[in-house]
Amino acid sequence: MATTIPIQKASGLSRELLIGAYRTMYLSRRLDDKEIQLKRQNRAYFQISGVGHEAINVATALHLKPSYDWFFPYYRDRAFCLQIGMTVLDMLLQSVGAKNDPSSGGRQMPSHWSSKKLHIVSQSSATGTQVLHAVGAAEASQYFSAVREAAELASSFHADEVAYVSLGDGATSEGELWEALNWSANRKLPVLYVVEDNGYAISVPVDVQTAGGSISRLVKDFPNLLTLECDGTDFVESYETVGKAVEHVRRRKGPALIHAHVIRPYSHSLSDDERLYKSEEVRQEEAKRDPVSRLLKCLVQERLLTEKELKDLETRVEKEIRAAADKALAAEPPSPETVMLYIYSPTVDPCAERFDHPPKFHGEPKTMVDLINACLRDEMTRDPRVVVFGEDVADCSHEDELAKVKGKGGVFKVTHGLQRHFGSARCYNSPITEAGIVGRALGMALRGLKPVVEIQFFDYIWPAMMQIRDELAVMRWRSDNGFSCPLVIRTPIGGYLAGGSIYHSQSGESIFTHIPGLRVVMPATALDANGLLRTAIRAADPVLFLEPKHLYRQTYNRSPYPGPDYMIPFGKAKLAREGSDLTIVTYGSLVNRSLQAAKALAEEGIQAEILDLRSLNPYDWELISASVKKTNRVLVAHEDTLSWGFGAEIAARLGDELFDFLDAPVRRLAAKDVYVPYHPLLEDAVLPQVADVVRACKELAAY
Ligand SMILES: Cc1ncc(C[n+]2csc(CCOP(=O)(O)OP(=O)(O)O)c2C)c(N)n1
């Protein structure tokens, strides 16, 4: 950037617009100062400022429409959110963590704004995750344009709407941005990216962060992406730049990225001291580019604002902030009893009776793959908002080839025929981007679509972990029930296939059952897979649907098609076998192994009762309790590794709540604490076998 700072020229913009913009910028600055004061007085608990970003913020907001476009701002976007319609009081209520903080009800740090009405989507603190949500929101827009019946059901859709997302220069290093740019450019999605480059990510300068020190230089050759660069401290230049970008996006020419050079004259947050890594010279250079004083200088020089008008404006701003601060400081704090509210939907309970719908069987027995596919077909037929995407899930991406081939439909063929039947808008392939699949699905779900996405193998879910743990599962809770993102992640899981080895055989469900806000289910039969998947799709919260791939095509777990309304409520285990001597609490691939073991045990006079949990979060404590009270001996058996596993949780609770009913210690049978190896002899040694179940039960019975 040039070191000499040109004076802004207000030509072409109305006086009203310029003074209005200045007012918001000044208000934003003074509000930051007020929050800093409150933090120093220990009346707020955190502060992060938008200082230095005000010009590009306000310029951008002036080109966008509240309650019409969609906004995914980051924590420096105070001036943006004020211009879009949030109030000073809204912001200060979050600073003090008030009960009536409209963004989060006292759950999130300040500067994590949310407004359902304005379409400001709740943000996390994770740098970069939000870009995928914006792409998903834009993908929803494209979907609504293509699938009219879905658009008719949308709560808000406009053919030229824009999804705005902003991020810092540091956040551009996150993989999510590259996944987002790749997909949004390829699909010409209506996303407006604004990179607010203040030269530092906490203490790391941009030339260390980014190859060549310029994000716009790196991305300028993305097809369909309009890349523009501006001095984001110059309001007029910013306003003109954003105007061009927004026009490109509204006209559906593709996404646009604005690289706006701004400053961060205050420390990163009040927990940081920038003097530790920025010299006095650097700080003085930055101060010269202060966007608020630059615009003021322009207004004064061009005689758009008299001294008196300026004084009035400043007085009104101070008054507004003081009045809001008084209210915020007097506001009621949140009550501790409410802390568990809105982890899940308060109105749709997937354990309720309405999700208990009997089967109407017809046809020959079908495999689990067939009945999952049948459920997807039924649900896509019932609701045009159900959309399926993932890696290889389509039959054939190139439609002109579709008639000439049989179609792929997933590496396990679970989604076979969906693209051919419902069209490429409703079932399509995604790049290999697990974070992208989940993050985009989240953005679509926010807009009322019901994505059912596939992660090709459970072993590869990990890039999506940030999206699952920090975004998907948390959205409803952190926005105090303002936003929700109900969707289904289907993924094949587990081993027993021989040859799957480390990267195609992993289990790991307990890592996900540990996440509040995420439902986790794992069927063991074709019928249960069909009924549970339907419940998952019709429920109102995110569901991780784990499909033991070893069970996909077994003959012993087949079932006739149960009809298009068959549903099994979550949290209801199945009594897979009745017995009186001990209880095996199990699920997934261990259900059939336990049944086989029970036959052998019966020959020795031991009657094992087997509970197939089916649903892991929530799980059926009632049935477990009833069974244990009857048999007084329990084995928890699962395919996942032993230590810190799902069985540990059940065993702990049994010890805690049913100790008096136990005649033996609770036993666990699980995989060894190691990875699944390639050679079948090694795999067998790691995963629990029928003989292991028999042995564990005999020991338990003999105790
Ligand atoms: C994924 C993630 N990693 C690390 C952090 C900690 N952190 C918070 S802000 C920040 C720097 C972000 O820099 P930049 O994107 O340039 O934005 P700026 O704060 O400079 O406006 C970091 C590393 C985080 N919040 N999220």
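1. Tyrosine 164 stands opposite leucine 192 in β3. The two strands concerned, β2 (residues 163–168) and β3 (residues 191–197), pair in the parallel sense over six bridges, where pairing requires that DSSP finds at least two bridges between the strands, and where strands (E, at least two residues) and helices (H or I, at least four residues) are DSSP runs numbered from the N terminus.

2. As to the basis of these remarks, the model is predicted, so that local features need pLDDT of at least 70 and side-chain atom pairs count only at pLDDT 80 or more, whereas totals for chains, interfaces and linings use all residues. Residues are numbered from 1 along each chain as its sequence is written, and side-chain values use heavy atoms, with hydrogens and water left out.

3. The sheet that holds β2 and β3 is an open one of five strands, in the order β1-β2-β3-β7-β6 and with parallel pairing. Because β1 (70–72) and β6 (226–231) stand at the edges with a single partner strand each, one side of each is left without a neighbour in the sheet. From one strand to the next the twist averages 15°. Helix α5 (residues 130–146) lies across β1, β2 and β3 and runs at about 170° to β2; such angles run from 0 to 180 degrees between N-to-C directions, with axes as lines fitted to C-alpha atoms, for helices over the stretch in contact, and contact means heavy atoms within 4.5 Å.

4. Around the ligand there are 17 residues, of which Tyr75, Arg76, Ser125, Gly170 and Tyr200 come nearest, a residue being near if one of its heavy atoms lies within 4 Å. By class, this shell has eight nonpolar, six polar and three charged residues; here Ala, Val, Leu, Ile, Met, Phe, Trp, Tyr, Cys and Pro count as nonpolar, Asp, Glu, Lys and Arg as charged, and the others, Gly among them, as polar.

5. Several atom pairs deserve a look. A polar backbone atom of serine 125 is 2.7 Å from a nitrogen atom of the ligand, while a polar side-chain atom of tyrosine 74 lies 2.8 Å from a ligand oxygen atom, and a polar side-chain atom of aspartate 169 lies 3.3 Å from an oxygen atom of the ligand. Of the 580 Å² of accessible area that the ligand has on its own, the protein covers 74%, by the Shrake-Rupley method with a 1.4 Å probe.

6. Another open sheet of five strands has the order β16-β18-β17-β20-β21, with mixed pairing. Since β16 (574–577) and β21 (667–671) are at the edges and have a single partner strand each, one side of each lacks a neighbour in the sheet. The twist here averages 25° from one strand to the next. Strand β16 is joined by three bridges to β18 (residues 608–612), and these run antiparallel, with arginine 577 opposite isoleucine 610 in β18. Helix α22 (residues 589–603) packs on the sheet and touches β16, β17 (582–586), β18 and β20 (634–641), its direction making about 170° with that of β18.

7. Two backbone details remain for checking. The peptide bond from asparagine 617 to proline 618 is cis, with omega near 5°, and proline 618 lies in the loop between β19 (615–617) and α23 (621–631). Asparagine 42, in the loop between α1 (15–40) and α2 (54–62), has a phi near 60°, a positive value in a residue other than glycine.

How values were computed. Polar contact = N/O pair within 3.5 Å; in protein donor to acceptor, adjacent residues only side chain to side chain.
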